[in-house]
Amino acid sequence: MQRVNLSAVSEFVFVGLSDAPEIRLLLFVLFLLIYLATMTGNITLLVAICTDSHLHSPMYFFLGNLSLLDILCSTITVPKMLGALLLEKKEISFAGCLFQHFFLIAVVGTEIFLLAVMAYDRYVAVCHPLRYLTIVSAKLCAHLATGTWAAGVLNSLLHTSLIFTLSFCGPNKIHQYYCDIPPVLALSCSSTRSRELVILLVAGVLGSSACVVTVVSYIYILLEILSRNSPGMWHKAFSTCGSHLTVVCLFYGTTICTYVRPSFTYSPHRDRVVSMLYGMLTPLLNPIIYSLRNKEVKCALRRVISRVRSAL
């Protein structure tokens, strides 16, 4: 039998962006503006939550964690993409790809769990308003937040170890603008079937568990609203839960389309569009959704802007 000499891949090359110079410049300006707007919106919201005493409640504590995750999600992927567009530096080392993948999956996983925790928080706020601060205490908030971050990191450790212990000895072109699970798996020259099954199983169990918590919380909220049969209750519940439900649908929909499916359904062009939604647009839209639909946040943002103007 003839032996084949296979060399290990030391770097990967992103080929998910346009090679036309005029399009590259346009995309660079567009994505830079989106990134700056994302950073500005989430940092402003985070500062408002940290500094304004009116927002020192469990709901805004979790919202602050969400803003921090959105900042990290964009920072992990977008600067490298901007460098590829402007400087045509599309290469990333094997170690760099590994770390980018680890931190991205950790952030995405943590956000999935955090949105489920926020759904539980909304359930307690609507269904048990008089006992809200007793049930969702500062200690419980700290434990829930720590648990979501720990679960996200452990989930990412598992995924990263399963993927980056595979053999990469042939093509090294990633059809994406960052190191994600489906395009990296597609480059492996060893069998990925068993590891794909483990990844799908773990992602399915954890993702479905978070979805179940979210769905059950909103079912109880709906039943509580129907049992009271009060027009004012509908308005209060919608103002309390509408923003979170919008974010949940947007984030869960895009992440499930990306990760909870077998690799043979991977489509570079479609997946780039989907990844843009949860990698760039979702972090941009989250602070907008919460600030536009929440009077307390809008008032806090006005106070922060007023203090900044006074300082300047």
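Is the crossing of H5 and H7 left-handed or right-handed? In this predicted model, in which local features need pLDDT of at least 70, side-chain atom pairs count only at pLDDT 80 or more, and totals for chains, interfaces and linings use all residues, the crossing is left-handed, meaning that the near helix is turned anticlockwise from the far one by less than a right angle. Residues are numbered from 1 along each chain as its sequence is written, and side-chain values use heavy atoms, without hydrogens and water.

The protein contains 10 helices and three strands, taken as DSSP runs of at least four residues (H or I) and at least two residues (E), respectively, and numbered from the N terminus. Their order along the sequence is β-α-α-β-α-α-α-β-α-α-α-α-α. Of the 312 residues, 48% are buried (under 20% relative accessible area, with exposed over 50% and partly exposed in between; 1.4 Å probe, protein chains only).

The axes of H5 (residues 138–164) and H7 come within 10 Å and cross at roughly 165° (lines fitted to C-alpha atoms over the stretch in contact, with angles from 0 to 180 degrees between N-to-C directions). H5 is therefore roughly antiparallel to H7, a term for angles over 145 degrees.

Valine 215 lies in H7 (residues 193–228) and is partly exposed, at a relative accessible area of 47%.

Phenylalanine 168 is located in the loop between H5 and strand E3 (173–174). With a relative accessible area of 4%, phenylalanine 168 is buried. Its C-alpha atom is separated by 6.6 Å from that of leucine 187, 19 residues apart along the chain.

Technical notes
Parallel < 35°, antiparallel > 145°, perpendicular 65-115°, else oblique.
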